[in-house]
Amino acid sequence: MKSPKDMARFQRRRRLVIAGIIALILIVLMTIRSAWTNDWYHEYIEDVGIGIIVLSILGRMWCTLYIGGRKSAEIVRLGPYSISRNPLYVFSAFGAAGIGMMTGSLTVGLALAIICCLAFHFVIRAEEGYLENTFGETYLSYKRDVPRFFPKFSIYRETGLLSVRPSVLYKTLADGLVFFVSYPLLEFVEYLQSIGILPVLLRLY
């Protein structure tokens with residue numbers, strides 16, 4: 001049977017995957033620019049992207065309210081975890097989409113969300129092995145009832161009382177704010193592209 005150290009390793013892997021994806025995204029986006037000729041469309045898509053990032057951060061904090069510090073100790077089946085077994089990853093994929101949309105391109109936003117989902121797939125599979133070995137039938141029952149990733153809202157369940165660790169909630173907020181770092185960076189990249197210092201290799205709608 002795997003130990004809690006294995007779960008901690010999976011959590012570190014998750015953070016590394018997210019950090020690696022963000023770094024790769026930012027590098028790739030240095031050569032991409034929106035194909036919209038109308039500046040209004042470009043700005044509108046950027047604004048929607050910022051809104052999606054805010055949704056991502058709030059969603060991740062919502063997940064932490066239910067599972068913060070308890071993921072390796074029990075199976076949580078309430079709140080966001082009643083409709084998806086991995087809502088943290090779902091909201092992280094939203095964050096990636098938001099980063100992509102801050103380029104002014106819907107295509108980039110969609111592409112980054114898909115890349116994020118594919119990367120999380122392998123981390124989720126590793127976590128599932130640990131949870132099956134640790135919780136047995138309890139987790140298998142949860143696995144049968146609740147989808148792995150895409151939420152099923154019709155089975156939502158709530159609780160009347162939550163026990164929250166503020167330090168874990170604050171850490172989740174700090175982790176989520178990393179998504180916002182991309183905004184000034186991408187604005188600076190756009191400026192460098194406009195004056196010809198950085199090449200634009202691809203324009204996407």
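Author: Let's start with Gln193, which lies in helix α6 (residues 166-194); helices here are DSSP runs of H or I with at least four residues, numbered from the N terminus. This is a predicted model, where local features need pLDDT of at least 70, side-chain atom pairs count only at pLDDT 80 or more, and totals for chains, interfaces and linings use all residues. Residues are numbered from 1 along each chain as its sequence is written, and side-chain values use heavy atoms, leaving out hydrogens and water.

Reader: Is Gln193 buried or exposed?

Author: Buried means under 20% relative accessible area, exposed over 50%, and partly exposed in between (1.4 Å probe, protein chains only). Gln193 has 8% relative accessibility, so Gln193 counts as buried. Contact means heavy atoms within 4.5 Å; beyond its neighbours within four places in sequence, Gln193 touches Leu29, Met30, Thr31, Ile32, Arg33, Leu198, Pro199 and Val200.

Reader: How do I read the packing of α4 and α5?

Author: Two packed helices are described by the angle between their axes and the distance between the axes. Axes are lines fitted to C-alpha atoms, for helices over the stretch in contact, with angles from 0 to 180 degrees between N-to-C directions. Helix α4 (residues 106-135) packs with α5 at about 130 degrees, their axes 6 Å apart. Angles under 35 degrees count as roughly parallel, over 145 as roughly antiparallel, 65 to 115 as roughly perpendicular and the rest as oblique, so α4 and α5 are oblique to each other.

Reader: Which residues in α4 and α5 meet?

Author: Glu128, Leu131, Glu132 and Phe135 in α4 meet Glu137, Thr138, Tyr139, Leu140 and Lys143 in α5.

Conventions: Helix = DSSP H or I, 4+ residues; strand = E, 2+ residues; numbered from the N terminus.
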